Amino acid sequence: MKRKLITVLSAALALMMLITAIPFSVGAAFATPFEDVKADDYFCEAVIWAYGEGVTTGTTATKFAPQATCTRGQVVTFLWRAMGKPEPTSSVNPFEDVKASDYYFKPILWAVEKGITTGTSAKRFSPDVTCTNAHILTFIWRALGEPGKTGEGEWYADAQKWATDAGLLD
């Protein structure tokens, strides 16, 4: 189960950060539904996996926007979907900038409840703020239970070491 979770999150990380260097062998017959993702793009297989698993749908039916940045709301939603869309146990929302009608409402409640992330303040989550690679790595690392936690260095240091040791940043 843990191995599968690492595989799922590795693909999600590649999708969100677009920094994977894992060589994918994609044949000429491999088709993508997105006109801006080509079969020879290094991220193609990760994008197709995420699309097929329902982690993402792209920005339109024919566009994925692989060079676009991801927001806090998007990243938490991708992670929530990759984890099987678990229901949060509470519907209490502490954030003024997150409404029940927002697509990221349940994912944010779940992620905060699980200690994967907090708001940018007690009353704001800032779902439209761009996520850095450090934020994304830390969200995934926390979702996996903070493996190898030492508490030393910058707030993202343990997550970065874990990702490096797991080969996610090769």
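Begin by selecting Pro88, which counts as buried at 14% relative accessibility. The model on display is a predicted one. Pro88 belongs to the loop that runs between α3 and α4, the latter spanning 105-113. With Pro88 still selected, display its surroundings: leaving aside residues up to four places away in sequence, Pro88 touches Lys106, Leu109, Trp110 and Glu113. Pro88 and Ala111 are separated by 23 residues in sequence, yet their C-alpha atoms are 8.3 Å apart in space.

Next, move back along the chain to Gly84. This glycine comes just after α3 and adopts a positive phi of about 95°.

Now select helix α3 itself, residues 72-82. How many of the residues of α3 are buried? Nine of the 11 are, so the helix is largely enclosed by the rest of the structure. The buried set consists of Arg72, Gly73, Val75, Val76, Thr77, Phe78, Leu79, Trp80 and Ala82.

Because angles under 35 degrees count as roughly parallel, α3 and α5 are described as roughly parallel to each other. Their crossing is right-handed. To see where the two helices meet, show side chains: Arg72, Val75, Val76 and Leu79 are the α3 residues concerned, and they meet Ile136, Phe139, Ile140 and Ala143 of α5.

Keep Arg72 selected and bring in Phe125. The charged end of Arg72 sits over the ring of Phe125, at 4.2 Å from the ring centre.

The last stops concern aromatic pairs, of which a search of the whole structure finds six. Select Tyr103 and Tyr104 as one example: their rings form an edge-to-face pair, with 4.8 Å from centre to centre and 70° between the planes.

Finally, select Phe34, Tyr51 and Phe64 together. Ring pairs link these three residues into a cluster.

Notes
Residues numbered from 1 in each chain as written. Predicted model: local features only at pLDDT ≥ 70, side-chain atom pairs only at ≥ 80, totals over all residues. Heavy atoms only, no water. Phe/Tyr/Trp six-rings, centres within 6.5 Å; stacked < 30°, edge-to-face > 60°. Lys NZ or Arg CZ within 6 Å of the ring centre and 35° of its normal. Axes fitted to C-alpha atoms, helices over the stretch in contact; angles between N-to-C directions. Helix = DSSP H or I, 4+ residues; strand = E, 2+ residues; numbered from the N terminus. Parallel < 35°, antiparallel > 145°, perpendicular 65-115°, else oblique. Left-handed = near helix turned anticlockwise from the far one by under 90°. Contact = heavy atoms within 4.5 Å. Buried < 20%, exposed > 50% of the residue type's maximum accessible area, 1.4 Å probe, protein only.
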